[in-house]
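Here is a short briefing to read alongside the model.

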Amino acid sequence: MFTRRQFGFTGVGAAFAGLLTGSARAAKFEIEKTDAEWRSQLSPEQFNVLRKHATERPRSSPLDKTYDPGTYQCAGCDLQLFASETKFDSGTGWPSFYQPVDDAVATTTDYHLVLPRTEVHCRRCGGHLGHVFEDGPKPTGLRYCINGVSLKFVPKAH
Ligand code: FE
């Protein structure tokens, strides 16, 4: 009797959890992969930043001081995210841009630190890129502070 009731409850719980997972997944990103799939295509550093919201050490990315003409793509799905024309030296040790490419990134509020910050991610694969702050240069006044490891730089063809 007890076993039967318990079983019934578990069944309903599992069905409800499945429903939640299913609807959340359908609404989220154009490109979705399991952790195992992401691990197989990304380096451990890329996986930790893009998929687990880690932050690379400042000044660790060669892209921090790169100002060559070209495009910065998502290291997870190759979507074009930033153009070299919008890159500037913020002095923070992370690649910084005042504006993303149209329809390339989306934001959420993150509460990982005490004060809320605006997290920036790739709109296509959901990969975590960095944060955006309101102390950037003209014309936008925004500073997209991006982990270099989440980007792939593609130099402009001559
Ligand atoms: Fe992406």
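Phe88 has Ser96 in β4 as its bridge partner. The strands here, β3 and β4 (residues 96-97), run antiparallel to each other and share 2 bridges. This is a predicted model, in which local features need pLDDT of at least 70 and side-chain atom pairs count only at pLDDT 80 or more, while totals for chains, interfaces and linings use all residues. Residues are numbered from 1 along each chain as its sequence is written, and side-chain values use heavy atoms, with hydrogens and water left out.

**The sheet with β3 and β4**
- Six strands make up this open sheet, in the order β3-β4-β8-β7-β6-β5, and they pair antiparallel.
- β3 (87-88) and β5 (105-110) are the edges; each has a single partner strand, so one side of each lacks a neighbour in the sheet.
- Strands are DSSP runs of E with at least two residues, numbered from the N terminus, and two of them pair if DSSP finds at least two bridges between them.

**The sheet with β1**
- Another open sheet holds 3 strands, ordered β2-β1-β9, with antiparallel pairing.
- Its edge strands, β2 (80-83) and β9 (151-155), each pair on one side only.
- From one strand to the next, the twist averages 30°, taken between lines fitted to C-alpha atoms, with angles from 0 to 180 degrees between N-to-C directions.
- β1 (residues 70-74) pairs with β9 over 5 bridges, in the antiparallel sense.
- Gly70 has Pro155 in β9 as its bridge partner.

**Cysteines**
- The model has 0 disulfides, a disulfide being a pair of cysteine sulfur atoms within 2.5 Å.
- Cys77 is buried at 11% relative accessible area, where buried means under 20% (1.4 Å probe, protein chains only).
- Cys122 is also buried, at 0% relative accessibility.

Key. Helix = DSSP H or I, 4+ residues; strand = E, 2+ residues; numbered from the N terminus. Buried < 20%, exposed > 50% of the residue type's maximum accessible area, 1.4 Å probe, protein only.
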